[in-house]
Each structure stands twice: as C-alpha cells, then as structure tokens.
Amino acid sequence: MDPLGTMHFTTIDYVIFALLLVASMGIGLYYALSGGRQRTTQEFLLADRSMSCLPVSLSLIATFQSAVAIVGVPAEIYTHGTQYWFIGCAYILGLLIPAHVFIPVFYRLHLTSAYQYLELRFSKPVRICGTLTFIFQTVIYMGVCVYTPALALNAVTGFDLWGAVLATGLVCTLYTTLGGLKAVIWTDVFQTIVMFAGQLAVIVVGVQQTGGLAEVWRKVWEGNRISGIDLNPDPTERYTFWTLGVGGVFLMLSLYGVNQAQVQRYLSSKTEREAIMSCYMVFPSLQVALALSCVMGLVMFARYCGEDQFHKIGNLSKNEMVLYFVMDMLQDIPGLSGLFIACLFSAALSTISSAFNSLATVTLEDLIKPHCSSMTEARATLLSKGLACSYGLICLAMAYLTHLMSDSVLQAVFKIFGMVGGPLLGIFCLGMFFPWANSTGALAGLGSGLAMAFWVGIGSIVTRTSGGSAAVSHFNCTAVQLSGNITTAIGTALNSTAVPTSTSSQPMGLQRFYSLSFMWYSALSSFTVVITGLIVSFLTGPMKEEDVTPGTLYPLLGNMLFFVPENLKQNLCCATPLGHRPIIQECPPAQHKESNVQAVYTEEEERQNFLPTSTTPVMEHETTV
C-alpha cells in the first residue's frame, strides 16, 4: 500500500497554502500598480537600482535555497550522514570572493546583464555564447524546481501532479511578469520567512514525537550518522571534506559569483557597498538554512531507524522520503502540513521567479537589443514582460523531463550547475584574472569546458556512477536497507568506527573517470576553460594591453606577484586600475569597429574605490574614454 495514500490535507492546510499563493500574487500586483508601474526596463529588470542590502540578501538566499534543497538535503543526511554538512565550509570563500572580486567589477561597469562583461572583455560572439549557455542551464534547472513541490502536493493531497505543476508555473509567471524585479525580491523575502518557519515546525514536532533531543542524538550516534572530517583525497568519493570544502567553493562561485540571477540582485542595490554587504549578510542565513535541512535529516533518521519503523519509509524514493516524514509527523496537527507544503512552494516560487526575470534580462539585453538599437523604452519593457511569460511556459515542459530522471533532485541540480555553471565560471575567471586571454581563447575554452563537463556527466549517467556509493555497514540502530534509488545505509565513508560488511571493487580507467564525484564537476570544467583558453590565446597571439577595456580586469596576478619589480609586473599583468567605474553607454556603430559599448568615468565614481588599484595608466581603447 502506498504509505502516502492514507494522508490528506485538512481544510486549514488548504487555507494556509492558498494564502501563500494569494500573498505572492498580491505583492506582484502591488508593484505592478505602484511606483513607476514597471514602465521602464530599468525598473522592471533592476528595480531602479534602489534596493537595500537586507531584502537583497534574503532574495539571494531564496534564489538557490529551492524546494530541491528542502527535499533533497534531509534525504542525503538520512542516507549518507552529516558529512554533507561540511559544504558550509565552502560558503566562506564562496561568498567572500564574489563580494570582493566579482561584485566590484560588475557594479562599476554599470551592467544590466552579466554577459555584457564578456563583450567588453572579449567580443560579441563570446557574449552570445555565454548567454545561450546560461539560458540552457537555467531552463533545465527551472524544470526541476517546478516539479519538486508539485510532486509534494500530489503526494500529500492527491492533487493532480501536472495540475500542480501548471499552478506553480502560472502563479509565478503572473507575479513576475506584473511586478518585475521588485516583486520578485520582496516575494523572496516573504517566502524565505515561510521556508524557515515550515522547516522549524517539522523539526520541533519531529524531535518531540521521537522522544526528545537526547533520544534523537542517541539514535543518530549509534546509527553512525554523525561524521567526522573525512580527509580521503579520492575524488570519486561522493562526500569528503575536499569534495565539499574545495569542490563546493567552485560550485558556490558559479552560483553567487557569475550567475545572472544573483548578479542582477547585486546590480539592483543602491550602492556598491550595499551590494557587498548583502553578500556578507547571506552567509549566516545560508548556514541557518543548511543547519535546518541537516537537522531535519537527522530527526528523520532517528524516527525511522528501527525495524519496527523502517517499513514505513523503506520503499520510498529519496524525493518522497521527506514528504512522508512531514505528513507522518504533522498530520494530527491542523495547519502544519499546509505550512510545510507552503514552505516547499515558497522555495520553488522564489527560485523560479528569479530565473524568469534573469532569463528575460539576458535575452533582451544580449540577444535582442544589440540588433534592435532603435527600440523604444516602452516596447523594450513590454517585450521583457513577454519574455518572462514565455519562459514561464517553457519551464512547464522542462518539468516533464525532470519527471523522467532517476537521480535524486539534489544530485540532479548539482550536476546541472557543475556541467553548465562551471564553464561559465571559467570564462569569467579567464577574462578577469588573465589579461592576455583573447576572444579566440575564450570561445575555445568555453567549448572545451562544456565538452569535458558533458563527457563526464553523461558518462556517469550512462554507467550509473557519480561519486562512490557507500558500503553497507552495521550499526546498533538496525542497518537500513533502502530500495529503489536509495543507496544502502552509509557507514564506512562516514565514520571510521563503522565496520563494512562488503567492499566493492574500485572502478578502473574510463569507468573511474565517470565515477568522479558530482561535487567536482564545476572545478573540473572551470579549470578546463582557463587552461584551454590560455593555451589557445598564446598560440593565436595574446591580447595587448591597449586592447583591454579599462575596468574589466581584477589585478589578481599583480597582487600575487607583490615581490616582482613594478616594471616587470606591469609587463606581465597589464592590469587596468579598478579604481575607475566605467558606465556602459550605447554608442553609434560608426564610432567603433566591434563593441557597441564605451566606458565613461566620473570623478565621484573614481573616489569610490573598494579594491587596491594598480599604478598602470588607463590605456585608450577603441572607444572613447
């Protein structure tokens, strides 16, 4: 019998869930009818660059703290123990580097789309390739985000799965299209609060029904779910300190450093300092979100680790485990089941709305405007709303593809961001940190990075490997044998005291390459882009200093080579001062050969310098400075 089939929503659960959707729509309508009424692309796409750091920081959390994390992370902790928690270490560098490297460069260029940077630094073909890569990544990711809460609603209420998918997509599309980025950010704030409340309610009730904190701790300790630092350097292990703490940094950089959904929030801030502060404020909130998800997984394990309880959850897939746990815990408490489903939908709506808005931005700014320079502001705003609506419909189709996947939703998302987000991170790093990289090298690097990522990613899917699966282990709280796509309970990789009962043979050759942990995908593809890009740049002729647009370089090599004489350092780095904040302006095609942007500086902007500057004089580019 389907264990979820006997559980149902009450009237109050439906009311709470409906209130979430109504409130989200209400915020969208408010910003559609107030202020400038979303009549300009500046207001619709960038909130008039008027946001303060608090709502921006909460929106940054909500954008990628999706329903995937709320459903996927507890299942990972239940199955693999607390080793995953060490990804919190990656948040440190994963947020510090964007705050002090990427944000200043992007903000001082006064961009609308992050991919405008690629044209400034390289050429228009690089910009277009970067934009298309981002669109491909985000459309796939949206499908996962729409499908996950719809599956939850279907599981706990019997509501038609595809009816739930349609409802999620349409509500999100409407308030994003009506209210623009302001509506997206403020609904993110509201939905983040609902997310935390829903998770906290589940944990409190779960601990109480399991017998208290002491009983929960006893069961997870005896079940070997509390992990020490695993320093195993094997890159094929699913979770170790290195895969999470180092590989996770590259994943975080691809999300919080160069992803358009996040960059757009930085650029909507009032000042550069507000943008940097929002990045700092994200850190504690992300740690809280991670802790809530991990603790939920531990409570779930404590609840079902015994033989008398395991039959309730043993036949469920990873994507259904958390849903059953929540309904089992909360079905006798009116309203709390509805609160958690609202929590899931809040996470999903915040992520999807951010994706719609960022996709509309890059499509308009990178693919349409360069070819329609005479487009009026009113027509551009109307077109951007139409694009947001169109992408909302596309994501519904992608949800069906998600339905066909056998991976857990969390693993699927990590693979998407590693395989596509990693090469995008690599091309931005190539442009910012290596002055001699040229356009040919950037295109070759991006192509090779994507090829490498898809090679290992598709290879792991075909051979059904992606990080070593853990061996079966004995522990006092009854070894859990999970069926379906849930691997056997973890022991060996989680705790050195676990005694394995079986060992699997290590894969060899190409099979071992395909066994690479998905947490390394982003790092592998990023390095492939940079190395290939540098080699091709040297072979085809390195870019000269006078050809580099001022403000597009971060003096990383200059700072690292502090011991090198100044004249030699300038020859090696040719770094343009970051103290200048170029403003992007459109200029007639006759004024330059390739780029359709030029940089203009003001004295006030030059004084706002958050980064060390080079003494290298500003070189004239093809455009007037």
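**Close-up A. Helix 11 is mostly covered, with 10 of its 10 residues buried.** Buried stands for a relative accessible area under 20%, exposed for over 50% and partly exposed for values in between, using a 1.4 Å probe and protein chains only. The model is predicted, so that local features need pLDDT of at least 70 and side-chain atom pairs count only at pLDDT 80 or more, while totals for chains, interfaces and linings use all residues. Residues are numbered from 1 along each chain as its sequence is written, and side-chain values use heavy atoms, with hydrogens and water left out. The buried residues of helix 11 are Gly 247, Gly 248, Val 249, Phe 250, Leu 251, Met 252, Leu 253, Ser 254, Leu 255 and Tyr 256. Helices (H or I, at least four residues) and strands (E, at least two) are DSSP runs, numbered from the N terminus.

**Close-up B. Helix 5 (residues 90-108) packs against helix 11 (residues 247-256) at an angle of about 40 degrees, and their axes are 8 Å apart.** This arrangement makes helix 5 oblique to helix 11. Axes are lines fitted to C-alpha atoms, for helices over the stretch in contact, and angles run from 0 to 180 degrees between N-to-C directions. Angles under 35 degrees count as roughly parallel, over 145 as roughly antiparallel, 65 to 115 as roughly perpendicular and the rest as oblique. Helix 5 contributes Ala 90, Tyr 91, Leu 93, Gly 94, Leu 95, Ile 97, Pro 98 and Phe 102 to the contact, and helix 11 contributes Gly 248, Val 249, Met 252, Leu 253 and Tyr 256. Contact means heavy atoms within 4.5 Å. The residues in this contact of helix 5 with helix 11 comprise 11 nonpolar, two polar and no charged. Ala, Val, Leu, Ile, Met, Phe, Trp, Tyr, Cys and Pro count as nonpolar, Asp, Glu, Lys and Arg as charged, and the others, Gly among them, as polar.

**Close-up C. Helix 5 also packs with helix 12 (residues 260-267), at an angle of about 70 degrees and with the axes 10 Å apart.** Helix 5 and helix 12 are therefore roughly perpendicular to each other. From helix 5, Pro 98, Ile 103, Phe 106 and Tyr 107 meet Val 263, Tyr 266 and Leu 267 of helix 12. The contact of helix 5 with helix 12 is formed by seven nonpolar, no polar and no charged residues.

**Close-up D. Thr 131 sits in helix 7 (residues 124-157).** With 0% relative accessibility, Thr 131 counts as buried. Apart from neighbours within four places in sequence, Thr 131 is in contact with Tyr 115, Val 362, Asp 366 and Leu 367.

Close-up E. Met 398 counts as buried at 16% relative accessibility. Its contacts, leaving aside neighbours within four places in sequence, are Val 139, Ile 140 and Gly 143. Met 398 and Val 139 are separated by 259 residues in sequence, yet their C-alpha atoms lie 7.1 Å apart.

**Close-up F. Ala 289 belongs to helix 13 (residues 272-304).** Ala 289 is buried, its relative accessible area being 0%. Between Ala 289 and Phe 196 the separation is 93 residues in sequence and 7.2 Å in space, C-alpha to C-alpha.

**Close-up G. His 110, although not a glycine, has a positive phi of about 50 degrees.** His 110 is found in the loop between helix 5 and helix 6 (116-121), and is partly exposed with a relative accessible area of 23%. Asn 224, likewise not a glycine, has a positive phi of about 60 degrees. The loop between helix 9 (213-222) and helix 10 (241-245) holds Asn 224, which is buried with a relative accessible area of 9%.

**Close-up H. Cys 129 is partly exposed, at 31% relative accessibility.** Cys 279, at 1% relative accessibility, counts as buried. Across the whole structure a search finds zero disulfides, a disulfide being a pair of cysteine sulfur atoms within 2.5 Å.

**Context for the views. The protein has 24 helices and four strands.** Of its 625 residues, 63% count as buried. Among contacts between residues at least 6 apart in sequence, 85% join residues at least 24 apart.
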